[in-house]
Amino acid sequence: MPDPYYLYNVTYASNFLEKRVLPLFTKEFLLRTEFPQKFKQYNGDLLVDRSISRPMPYGTTIQVLEGCPDRYRLVKSDENVLEFMLIAHYDRNGWNVEADKREMFAIEYPIRMVNTDDGWRLDEFHTTKHG
């Protein structure tokens, strides 16, 4: 097994990437991300770059406010493109002691779906937890 990868323990068939992941996104999107470097097929198994599984040091990530659900704002919608903003809420003081006052703020992340010859695919994607 090539370094720096490890065998990902999935119960899916060896075509996990082709069947479960690649049909969700445009090829252009995946090339703009580090996805091709993070996941590989090797002897029919799925390998994952070790950097993905390393835990983030405490306090270096922002605290997601789970009590404030994500919201969405439509930007554009037509027969070829669907664009909207994911509005995520965070607490600047989330990693401090409970007595600290919440300092809530929001970040808007763009999400875009495009209608391709193979159907609708994500061409830009973000999540609340990972930005």
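1. Arg121 is part of strand β8, which spans residues 119-124 (helices, H or I, of at least four residues and strands, E, of at least two are DSSP runs numbered from the N terminus). The model is predicted: local features need pLDDT of at least 70 and side-chain atom pairs count only at pLDDT 80 or more, while totals for chains, interfaces and linings use all residues. Residues are numbered from 1 along each chain as its sequence is written, and side-chain values use heavy atoms, with hydrogens and water left out.

2. Arg121 is buried (under 20% relative accessible area; exposed is over 50%, partly exposed in between; 1.4 Å probe, protein chains only). A polar atom of the Arg121 side chain does, however, lie 2.9 Å from the backbone oxygen of Asp118.

3. Asp123 forms a salt bridge with Arg112, with closest N and O atoms 3.1 Å apart. This pair joins strand β7 (residues 104-116), which holds Arg112, to strand β8, which holds Asp123.

4. Asp123 also forms a salt bridge with Arg32, at 3.7 Å between the closest N and O atoms. Here the partners are 91 residues apart, with Arg32 in helix α2 (residues 27-32). Asp123 is buried at 11% relative accessibility, whereas Arg32 is exposed at 51%.

5. A network of salt bridges links Arg32, Arg112, Asp123 and Glu124. The structure holds five salt bridges, one of them between Lys76 and Asp78 (3.9 Å, N to O).

How values were computed. Lys, Arg positive; Asp, Glu negative; His and termini not counted. Salt bridge = Lys/Arg side-chain N within 4 Å of Asp/Glu carboxyl O. Polar contact = N/O pair within 3.5 Å; in protein donor to acceptor, adjacent residues only side chain to side chain.
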